[in-house]
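Here is a short briefing on one protein model. Take a look at the structure first, then read through the points below.

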Amino acid sequence: MAFEALSFAEECQRRFADALSFTLSVGLGEPVEHPDNLHDSYHEALDALQTKPVNRSAMIIPYSSDPLSKDHSFHYFQKVDRIVDAFRLQEAKWKTEMQALFQNMLEEGISRRGASSVLHYLTYHLNKTASGMNDEYYLLWKTETMPALDRVQKEIDLPEDWTQMVLQLLEQFAERLDTQRNLRSQGNLVQEVKAYIEKHYTKAELSLDYLQDKFGISGKYLSRLFKEEYGLKFVDFLIDLRIQEAKRLLTESALSVQEITERVGYSSPISFARTFKKITGVPPMDYRKGK
């Protein structure tokens with residue numbers, strides 16, 4: 001029975017190739033003995049097709065109940081988190097990292113189900129990020145960009161096509177965002193503050209009070225503007241910069257934890273270690289050993 005189904009699928013593929021301009025992939029469910037069980041085999045065939053690598057065509061894919069054979073895309077999600085963080089802060093690297101992610105997905109032959117999971121995860125976190133921005137920015141996202149991303153997921157079948165569409169939509173949103181920020185005087189101020197933090201985050205004295213004196217603006221007001229512009233608190237942005245640099249020094253240098261503590265702007269090794277573990281889940285030395 002299984003051999004006959006395979007032969008029939010191969011014959012269908014040949015006929016499609018001869019008569020049409022597109023290829024055919026066939027999912028095969030488990031053989032059944034009674035017509036009442038055909039719907040089970042049908043759904044198994046659909047499930048098998050969901051594991052088809054996006055960089056392959058004209059495949060015959062038998063169903064497998066082995067969970068190890070199914071596609072899991074969780075290892076892409078951490079990359080998505082970094083991309084969304086960079087996009088939120090409008091760092092130029094978001095685009096190159098997203099292009100690398102999409103290329104990696106295609107080269108590794110991620111399944112359609114896996115590609116769809118990554119796209120859903122990406123759009124969910126982008127939407128969450130946009131919702132933390134000011135109302136003007138979020139309205140732009142909610143009325144234009146998000147609906148377009150939804151259409152990509154629903155209407156475009158091939159991941160190699162939606163990757164280009166997603167990049168294009170996010171680039172357009174970023175350009176509109178940049179234009180609106182430049183029209184806002186406080187937007188220019190917050191960008192200046194952000195640039196200052198990125199350059200001087202290793203200063204232990206860097207705080208809202210410090211920035212208040214530096215830029216002549218209320219620390220409380222500056223904190224609110226920063227949250228509106230970038231969707232995260234000033235303190236979270238500062239911590240992220242420091243922890244990212246600490247992770248680099250732990251893996252690329254032989255500096256002690258005490259020296260790294262001072263290098264990244266912490267005055268207390270205990271405070272640094274506590275914050276590092278909260279962000280990464282492990283103490284600094286365990287992180288170094290694990291890498």
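**Pocket and cores**

The largest pocket has a volume of about 980 Å³. The model is a predicted one.

**The largest pocket**

- In total, 25 residues line the largest pocket.
- Nearest its centre lie Arg-82, Asp-85, Asp-240, Gln-244 and Lys-247.
- Four helices each supply at least two lining residues: H3, H4, H11 (234-252) and H13 (269-280).
- H11 gives the most, with 8 residues of the lining.

**The largest nonpolar core**

- In soluble globular proteins, nonpolar side chains tend to be buried together.
- Here, the largest nonpolar core holds 35 residues.
- The members that touch the most other members are Met-98, Phe-102, Met-105, Leu-122, Val-166 and Leu-170.
- Two or more core residues come from each of these helices: H3 (74-88), H4 (93-107), H5 (112-131), H6 (135-155) and H7 (159-183).
- H7 provides the largest share of this core, 8 residues.

**Leu-170 and its contacts**

- Which residues does Leu-170 touch, leaving aside those up to four places away in sequence? They are Phe-87, Trp-94, Met-98, Leu-126, Trp-141 and Leu-149.

**A second core**

- A separate second core has 19 residues.
- Among them are Leu-89, Tyr-201, Tyr-230 and Phe-234.

Notes. Residues numbered from 1 in each chain as written. Predicted model: local features only at pLDDT ≥ 70, side-chain atom pairs only at ≥ 80, totals over all residues. Heavy atoms only, no water. Core = buried A, V, L, I, M, F, W, Y, C linked by side-chain atoms within 4.5 Å. Buried < 20%, exposed > 50% of the residue type's maximum accessible area, 1.4 Å probe, protein only. Contact = heavy atoms within 4.5 Å. 1 Å grid on protein atoms, 1.4 Å probe; cavity = no way out; pocket = protein on both sides within 12 Å on 5 of 7 lines; lining within 4 Å. Points joined across faces, edges and corners; volume = space filled by probe spheres on them.
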